[in-house]
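I opened a notebook page for this model. The entries below follow the order of my look-ups.

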Amino acid sequence: MIALADCNNFYASCERVFNPMVRSKPVVVLSNNDGCVIARSNEAKALGIQMGAPAFKHRHIFEKHGVEIFSTNFALYGDFSSRVMSILAESAPQIEIYSIDEAFMDYSGLPDPVEHAQNVRCRVKQWTGIPVSIGLAETKTLAKVANRIAKKEIESNIFHLYCPYDIKDYLKKLPVSKLWGVGRHYTRKLELYGIRTAHELTQRSDSWIQKHMSVVGLKMVKELRGVPCFDLETIWQRKQSICTSRTFGEEVQHFSQLAQALSTYAAMCGTKLRKQGSCAGIITIFILTNPFKHQYRNNYKGIRTIRLITPTNDSLEIVSASIAALRSIYRSDCIYKKAGIIASEIVPQSQVQLSFIDDIRDIKKRQHLMQAEEAVNDRYGKMKVRFAVNGYERKWQLKQERLSSCYTTQMSELLRVRA
DNA sequence: TCTGGGGTCCTAGGACCC
DNA sequence: TCTGGGGTCCTAGGACCC
């Protein structure tokens, strides 16, 4: 059994612990430069303040209702997070810290998981002051659903979603857009196909889902049907990429201003790399104009990736590489609003390509290929099988006899070797 | 006037090698 | 000279998460 603990209105709750005066007032936390809303207390939500909304749009609400406004204090939130996580970690043999305010836990084999969750919730609240909601279910995706219910509908903030009948009932009420793994693009796409609720999505065939939402979407739907596809990731892993970027308080135009900002970000990136004990083999620099400002006809996004000859985490080296990259994307006729750097380790690609001479009109053969592809994907998860399609008819006719046995042999060969 | 920062994974195509 | 089979590596973009 999986439990998902999620802190309620996390940043807002942290501010409240530190400022008892604002406990009964609506609270919002604003992003860098006080740009947009990134956390809201329940009272603020009730006033209709939207997540991610630019702060200026809500100024009148803030004033009218005496909303308490905070700028982000990530050091404070990080500190609260680690305290909460260590309490949660004591409650379960396995824990996956999913984000600053969320963790999945293995609650298998407990006689009364709901009571256990209640005790844990109590302890976190008492020792840190942070309220958490806990959802319990058989898969991570269902635990997400359960958590949503716990937070919105259950006074105790604990909910166990287990009875198949209940699951179906709740999924019928849940809009697809609220699912973990369905964002606004998939929502629109699914609606075009007449799919509005999570339950309707689970009724589609596996091949349909994979075709329209890739293997990730398919795994998510299988989890909704109660089949675990995402394991608990309990081992800490180094980040594959580290990003430092900022929106400027004021727009900048000169190269020197960008260079100065990027030097700072590059140095910060180096610090982060050293902290996690890794080196960057690749760095990517980007500069952006303001996409919300339409008077710039030449809305510009400059991006450049360079491969370092020797991977490094030395700030000076990263800074000088960044400035060199900046030179190649800088345009003097633009006014910039944001810049950043992404440092990545070189990740070995787990791709396998199989090439075939194929005729896309032969439906039966394509079905065979898809089955084979599915088998490989199932088994290796990340690995990818590619079929190079060549509709050149003459070739196809010449080779037709050999093909069917050809790909099955290759596939079994591949499976054997990789196993 | 004013719109965040930091991540992950998958798809698809192309260049190039023997 | 052309075709085939088996590969690697890279780039760009799209989708999602908190």
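Which strand does Ile38 lie in? I found Ile38 in strand 3, residues 37-40. Helices (H or I, at least four residues) and strands (E, at least two) are DSSP runs, numbered from the N terminus.

The model is predicted: local features need pLDDT of at least 70 and side-chain atom pairs pLDDT 80 or more, while totals for chains, interfaces and linings use all residues. Residues are numbered from 1 along each chain as its sequence is written, chains are lettered from A and ligands numbered from 1 in the order written, and side-chain values use heavy atoms, without hydrogens and water.

Ile38 is partly exposed at 24% relative accessibility (buried is under 20% relative accessible area, exposed over 50%, partly exposed in between; 1.4 Å probe, protein chains only). Beyond four places in sequence, I listed contacts of Ile38 with Tyr11, Val29, Leu30, Ser31, Met51 and Thr72 (heavy atoms within 4.5 Å). The C-alpha atoms of Ile38 and Gly52 are 5.5 Å apart.

I then searched for salt bridges and got 9 in the whole structure (a side-chain nitrogen of Lys or Arg within 4 Å of a carboxyl oxygen of Asp or Glu).

I noted Lys151 with Asp6, closest N and O atoms 3.2 Å apart. Lys151 is in helix 6 and Asp6 in strand 1, 145 residues apart. Lys151 is partly exposed at 31%, whereas Asp6 is buried at 10%.

I noted Glu102 with Lys144 at 2.6 Å between the closest N and O atoms. Glu102 lies in strand 6 and Lys144 in helix 6, so the pair ties together parts 42 residues apart in sequence. Both Glu102 and Lys144 are buried.
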